[in-house]
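Thanks for making the time this morning.

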Amino acid sequence: MSEPRASASTPLRLLLASSEVHPYSKTGGLADMTGALGRALARAGHRVGIVKPLFRGVRERFPDLQRRDWRFDLPLGDRRVDAELWVHEPQPGLTVYFIGHGAYFDREGLYNENGVDYADNAERFIFFCKCVVHLARYLPWQPEVVHVHDWQTALVPLLLMHLRTREGWATAPRTCLTIHNLAYQGIFPGATYALTNLPWDYFRADCAEAYGQLNCLKAGIATADRLTTVSPRYAREILTEEFGEGLAWLLRRRQAHLRGILNGVDYEEWNTERNPHLPASYSVRDLSGKAVVKAALLREMGLPVEPPLPLFGSVTRLAEQKGLDILLPALHEMLAAPMRFVLLGSGDPGYAEALRRLQARYPDRVAVRIGFDAGLAHRIEAGCDFYLMPSRFEPCGLNQMYSLRYGTVPIVRAVGGLDDSVIDARESVARANGIKFHEYSAAALAHAIRKALVLYQHPDLLRRYQRNGMNADFSWDRTAAAYVEVYREACACGAAP
Ligand code: ADP
């Protein structure tokens, strides 16, 4: 018998699963998104759980985490593995569940150390996926939809589908998979599939297998009831061979159930007023505090404040995706002009070394910090005049939206979410809030930087760009409402014949 279909206003019971969730653990935008989505959905009145691994340091930073009496004791290949369950309730309607397993998760890094992936990542995250499914099954409030994020949780839709179709759990929750970055698929030796304890007939080229290996993201793409990506343009791009990372054919097959939803910005966190990370407040009405932040940032980075020069900045993972191959030569060319550049980043040691060399060549105009520093990220976003984001591809990108909010004009390559969130003068003179370039080349980026230098010479025009950016609305409520539509569609696909 089918259940009556929920009306558009009925609160939903939702379980989000992600390896990273801000403010608990973060390496990139995934954490910002899952944390903010969970909070926004709970604010909207839904019953929300978020499940994530208990990584090192969380219990120290959140001493009010509570351990629950809960037994997992799950099969993992030919063994059984147990874990602890810890919970945190940061706001009404939102419970964060932490899967505690010292050997798997109490480590220096989330996925790697010193640039080397942990050898047992398949085991760690297959186990985590099983814990998510176990919670989905036994939590007393019975989630209706499980929303998973990226490869680390992408086996959950397959596990749930299996339980629904072959193990008699007819009311198993429906699933939604959000692809935050198709470049990371969770590919492991084929033998690791045995850890799932699933029948081997799912290990085939249109499900969990790719060229003899286990591909976690592919399994999720093949089996989730609904698929989303984090911007409308990226949703179109990944259907093409250029951006599809070998999975375009499968995504095209699932196109009717794929939707792009631009991430929102957590404006409580990314706020120019009374922000503990910033030395001064400012607003769209009074930008004077921004100059104070700029001067403080220059001093913090060890650069001279005088003479006043346009300041460009970047906060980024040092990865090929982020366009460092064109950023470095473009800066070598452009630093002949009067400008300064600051960068905060972590990742590839080769890029870090190249950036250090750039700093050594222009010691009074370039400052580079290698590492992860949330406070400095805010000060760079706020203290710079221009923000550089020349990505090769960009599923959504959050930093360009943060810089818009902070009155820092973004210079972006017109791909993915960068194209969806930034408006160039060629699209609308009145609404322009940033500078876009198209070709992936140092010359095209240098040309865009030259345009910025011209804009800097015209303060009234620059103010208009800043105002347009600061007034742009990427609030989470709108994004969360779009996800709720997707969840309702997912529920409906399991409703009556
Ligand atoms: P991605 O998720 O691909 O790395 P996004 O632009 O979507 O890129 O999100 C990056 C997030 O991570 C932003 O919140 C950004 O400020 C933060 N971030 C990236 N690198 C650093 C760093 N080295 N220190 C502090 N924050 C960083």
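Let me start with the overall division, keeping in mind that what you see is a predicted model. The chain is divided into two domains, where domain 1 is made up of residues 13-264 together with 477-492, and domain 2 covers residues 288-473. If you take the centres of domain 1 and domain 2 over their C-alpha atoms, they are separated by 32 Å, and the contact between them draws on 20 residues from domain 1 and 19 residues from domain 2.

So much for the layout; now to the interface. Between domain 1 and domain 2 an area of about 1500 Å² is buried, and carbon and sulfur atoms give 57% of that area. How many salt bridges are found across the interface of domain 1 and domain 2? The rule finds one, and if you look for Asp419 and Arg233, you will see their side chains meeting in a salt bridge, with 2.6 Å from N to O. As for polar contacts, the count between domain 1 and domain 2 is ten residue pairs, with both residues of a pair at pLDDT 80 or more.

Staying on the side of domain 1 that touches domain 2, helix H1, residues 29-43, and helix H7, residues 232-237, each supply at least two residues. The largest share of that side comes from H7, which gives four residues. Sorted by class, this side of domain 1 has seven nonpolar residues, seven polar residues and six charged residues.

Next, please turn to helix H6, which runs over residues 216-223. Is this helix mostly covered or mostly open? Helix H6 is mostly covered, with seven of its eight residues buried, and the buried ones are Cys216, Leu217, Lys218, Ala219, Gly220, Ile221 and Thr223.

Key: Residues are numbered from 1 along each chain as its sequence is written. This is a predicted model: local features need pLDDT of at least 70, side-chain atom pairs count only at pLDDT 80 or more; totals for chains, interfaces and linings use all residues. Side-chain values use heavy atoms; hydrogens and water are left out. Domain bounds come from an automatic or database domain assignment. Contact means heavy atoms within 4.5 Å. Buried area is the accessible area (1.4 Å probe) that two parts lose on being put together, summed over both. A salt bridge is a side-chain nitrogen of Lys or Arg within 4 Å of a carboxyl oxygen of Asp or Glu. A polar contact is a pair of N or O atoms within 3.5 Å; within protein, one must be able to donate a hydrogen and the other to accept it, and residues adjacent in sequence count only if both atoms are side-chain atoms. Ala, Val, Leu, Ile, Met, Phe, Trp, Tyr, Cys and Pro count as nonpolar, Asp, Glu, Lys and Arg as charged, and the others, Gly among them, as polar. Buried means under 20% relative accessible area, exposed over 50%, partly exposed in between (1.4 Å probe, protein chains only).
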